[in-house]
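Hello,

Here is the structure you asked to take over, with notes on what turned up in it. Please read the notes with the coordinates open.

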Amino acid sequence: MTATNLWREHRVLFGRWLARLRREPLTMLALLAQPMVWLVLFGHLFTKMPVPGGNYLRFMTAGAVVMTTFNGCLTGGVELLFDRESGFLVRMLAAPASRVSLVTSRFMYLTVLTGAQGLVILVAAWMMGVRYAAGIGGIAACLAIGALFGSGITALSLALAFSLRSHSQFSRSPASPACH
Amino acid sequence: MTSSADPAVQVSGLTKDFGATRALDGATFDVANGEIFGLLGPNGAGKTTTMRILLTLLKPTAGTARVAGQDVTRDPVAVRQRVGWVPQGHAVDPLLTVMENMRFMCGMYHLAPVAARRRAAQLLEPAGLADHGNKVARVLSGGTRRKLELAMSLVNVPAVLFLDEPTVGLDIAARRDLWTYVRQISRQGTTIVLTTHYLEEADALCDRVAIIDRGQIQATGVPGELKVNYQASTLDEVFLAATGQELAA
């Protein structure tokens with residue numbers, strides 16, 4: 001397998017996930033709206049809550065990034081289950097593309113998606129008055145740590161998607177948000 | 001080393017066990033280059049198992065198989081580069097457009113983006129899909145979607161094309177339309193192996209057929225010769241005689 005072939009596989013696989021997201025505008029809206037709801041709703045609900053540093057919104061911003069990454073990555077395997085159930089996954093397996101690319105392209109997609117969500121949260125929180133003492137370097141570190149954390153959760157989710165037989169099993173597994 | 005005289009598919013003593021169940025029991029047959037070969041049998045006969053072994057998606061328990069001159073067990077990637085496949089289930093992404101589906105499959109066969117665009121356009125034209133390029137696949141009719149699946153299976157110019165129940169669920173007009181497209185592909189020199197349980201389809205399309213039942217090849221030959229050998233007037237009667245079944249009263 002040459003580097004050019006690996007690049008071509010990743011390009012079309014990553015492009016496919018993005019195209020699917022574009023075709024479902026409500027999903028895209030929900031993904032962007034969710035972090036805003038965290039901040040606007042919970043940020044103002046618990047303004048008077050005593051927290052270290054004294055500012056609840058600043059306190060919860062980091063938690064909102066982590067929870068958004070956690071939820072996004074934990075359900076990241078669901079699309080592969082759809083592919084398995086529809087027969088599209090086995091069609092991809094009959095092509096000479098590397099099996100590893102199917103997994104790594106999904107990792108890349110979820111990292112970009114949850115990274116964008118994290119950035120939306122950080123920018124929205126900044127617009128609501130939160131200031132980051134660590135500056136741009138701190139924001140980059142926050143997103144990088146989020147990506148690392150998300151990779152671990154994505155690995156768990158993909159392992160479940162490949163080992164479980166159906167959506168109903170996935171929704172009953174610890175990876176389902178319904179079980180939290 | 002292979003030559004053009006070698007069969008496109010060579011299967012010898014192919015056996016596959018799933019636990020205690022023997023799905024395929026010593027199947028042996030050849031498919032000549034450029035032939036349309038039908039694998040006929042009832043549900044659960046072993047047709048799809050045979051096809052999945054030839055596509056390198058399953059490993060045989062015993063026996064050997066070569067496709068386009070490559071051993072399916074020793075060099076599965078070389079086999080995948082030389083074959084196309086239209087499975088029974090969905091082989092298109094319903095959320096992508098026709099053109100996006102084509103370019104996606106081109107990428108999975110390592111075509112460069114410019115070559116992929118050219119190849120996709122080349123294949124959509126004869127499939128009658130040139131005007132559907134921007135349509136999302138989920139809005140296509142069953143017959144049109146099947147043609148898209150066929151076009152997607154040709155992106156790598158396969159030496160052997162496998163069609164698993166290609167016309168199941170299609171109305172008679174869409175079925176005949178698809179037969180025309182399959183014959184067109186065959187005329188370009190592609191060897192075609194198809195499974196079907198529509199025997200009139202096998203009669204209309206196939207140069208040769210193999211009848212498989214309970215994992216064993218019961219008969220192989222040209223449909224016309226099989227009818228003579230089994231003193232039958234239709235392939236249905238040949239099928240029933242070869243599998244030892246009787247017509248339902």
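Strand S9 (residues 208-213) and strand S10 (residues 216-221) of chain B run antiparallel and are joined by five bridges. Please keep in mind that this is a predicted model. In this pair, B:Asp213 stands opposite B:Gln216 of S10(B). The two strands form a hairpin with two residues between them, and B:Arg214 in the turn has a positive phi of about 50 degrees.

S9(B) also pairs with strand S3 (residues 36-40) of chain B, here in the parallel sense and over four bridges. Within that pairing, B:Leu39 stands opposite B:Ala210 of S9(B).

How many of the six residues of S9(B) are buried? Six of the six are, so the strand is mostly covered, with buried meaning under 20% relative accessible area. In a regular strand, side chains alternate between the two faces of the sheet. In S9(B) both faces are covered. One side carries B:Arg208, B:Ala210 and B:Ile212, the other B:Val209, B:Ile211 and B:Asp213, and all of these are buried.

S5(B) pairs with strand S4 (residues 62-67) of chain B in the antiparallel sense over two bridges. B:Arg66 has B:Asp71 in S5(B) as its bridge partner. The loop between S4 and S5 of chain B contains B:Ala68. Phi of B:Ala68 is near 50 degrees, a positive value in a residue other than glycine.

A further positive phi, about 70 degrees, is found at B:His110, again not a glycine. B:His110 sits in the loop between helix H3 (98-108) and helix H4 (113-124) of chain B. Is B:His110 buried or exposed? It counts as buried, because its relative accessibility is 11% and the cut-off is under 20%.

For chain B as a whole, there are nine helices and ten strands. Its radius of gyration is 18 Å, close to the 18 Å that the globule rule gives for 249 residues, so chain B is as compact as a globular protein of that length. The C-alpha trace spans about 50 × 45 × 35 Å along its principal axes. Of the 249 residues in chain B, 55% are buried. Among contacts in chain B with a separation of 6 or more, 67% are between residues 24 or more positions apart.

Chain B exposes about 10,600 Å², and carbon and sulfur atoms supply 49% of that area. It has 25 positive and 25 negative side chains, with the centres of the two sets 8 Å apart.

One note on chain A: A:Thr75 is in the loop between helix H3 (56-74) and helix H4 (78-86) of that chain. With a relative accessible area of 28%, A:Thr75 is partly exposed. A:Thr75 and A:Leu160 are 85 residues apart in sequence, and their C-alpha atoms are 10 Å apart in space.

Regards

Technical notes: Residues numbered from 1 in each chain as written. Chains lettered and ligands numbered in written order. Predicted model: local features only at pLDDT ≥ 70, side-chain atom pairs only at ≥ 80, totals over all residues. Heavy atoms only, no water. Rg over C-alpha atoms; globule rule 2.2 N^0.38 Å. Buried < 20%, exposed > 50% of the residue type's maximum accessible area, 1.4 Å probe, protein only. Contact = heavy atoms within 4.5 Å. Areas by Shrake-Rupley, 256 points an atom, 1.4 Å probe, with all protein chains shown as cover. Lys, Arg positive; Asp, Glu negative; His and termini not counted. Charge placed at Lys NZ, Arg CZ, Asp CG, Glu CD. Pairing = 2+ DSSP bridges.
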